[in-house]
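Colleague: Before I plan around this model, could we go through its charged pairs and its helix packing, one question at a time?

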Amino acid sequence: MNWEVIGTAAELIAAFGVITTLFYLAFQIKMNTDVLKAEASKEVYSGWSEWILQVSEHQHLILFDQLVKPDAQWSDFSVEQQASLGLLLRSFLLRFESEYSLYKANILDANVWEKHRAYCKSFVSSPAIATWWKAEMNQPIYSDAFLEHISNTPNQGHVNIGTLSENESMRNDT
């Protein structure tokens, strides 16, 4: 038997092994990426559930309900109320920026982000919140990319968050 033939056969077997390993690694990386994206979406929704629960227990819940009404104005609220609501709103917008970062890193599913992006734009376009947001955008806590991304999102109308008064009227209708 010729040693060159044996050497060539060994090299072919080794090359096949390397190619098989690369395909296996690519498959594992794809599976890991899918799991990471699913976990990111789960964390986003879990975080929103926590935030909603905290807001529902907030001492100024009724103020938040009034704030999101289409006819509300930021000037309708006292300086103390504005301070409390401002921190609540900042917490809300920082959640959106966190999601935007996950989206930009291709970790958060684009469908999840696009729905939340539209919601965020509608939210900051509400009259009372728009006044606050105009000043808040000058704070050095949001990335320029996030601010530009939200600013360039088309407004899809008034956001309906199921306010207390709307929920109450729905109960009365049944």
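Predicted model: local features only at pLDDT ≥ 70, side-chain atom pairs only at ≥ 80, totals over all residues.

Colleague: Is Arg 117 buried or exposed?
Modeller: The cut-off for buried is a relative accessible area under 20%. Glu 114, at 32%, counts as partly exposed, whereas Arg 117 has a relative accessibility of 14% and therefore counts as buried.

Colleague: How many residues apart are Glu 136 and Arg 90?
Modeller: These two residues form a salt bridge whose closest N and O atoms are 2.6 Å apart. Glu 136 is buried at 4% relative accessibility, while Arg 90 is partly exposed at 26%. The pair links distant parts of the chain, with Glu 136 in helix α5 (residues 127–136) and Arg 90 in helix α3, and the separation is 46 residues.

Colleague: How is helix α3 oriented relative to helix α6?
Modeller: The axes of α3 (residues 79–104) and α6 (residues 144–151) come within 10 Å and cross at roughly 100°. Because angles of 65 to 115 degrees count in this class, α3 is, relative to α6, roughly perpendicular.

Colleague: Which residues of α6 make the contact with α3?
Modeller: The residues of this contact divide into six nonpolar, one polar and one charged. From α3 come Leu 93, Phe 96, Glu 97, Tyr 100 and Tyr 103, and from α6 come Ala 145, Phe 146 and His 149.

Methods. Residues numbered from 1 in each chain as written. Heavy atoms only, no water. Axes fitted to C-alpha atoms, helices over the stretch in contact; angles between N-to-C directions. Helix = DSSP H or I, 4+ residues; strand = E, 2+ residues; numbered from the N terminus. Parallel < 35°, antiparallel > 145°, perpendicular 65-115°, else oblique. Contact = heavy atoms within 4.5 Å. Nonpolar A, V, L, I, M, F, W, Y, C, P; charged D, E, K, R; others polar. Salt bridge = Lys/Arg side-chain N within 4 Å of Asp/Glu carboxyl O. Buried < 20%, exposed > 50% of the residue type's maximum accessible area, 1.4 Å probe, protein only.
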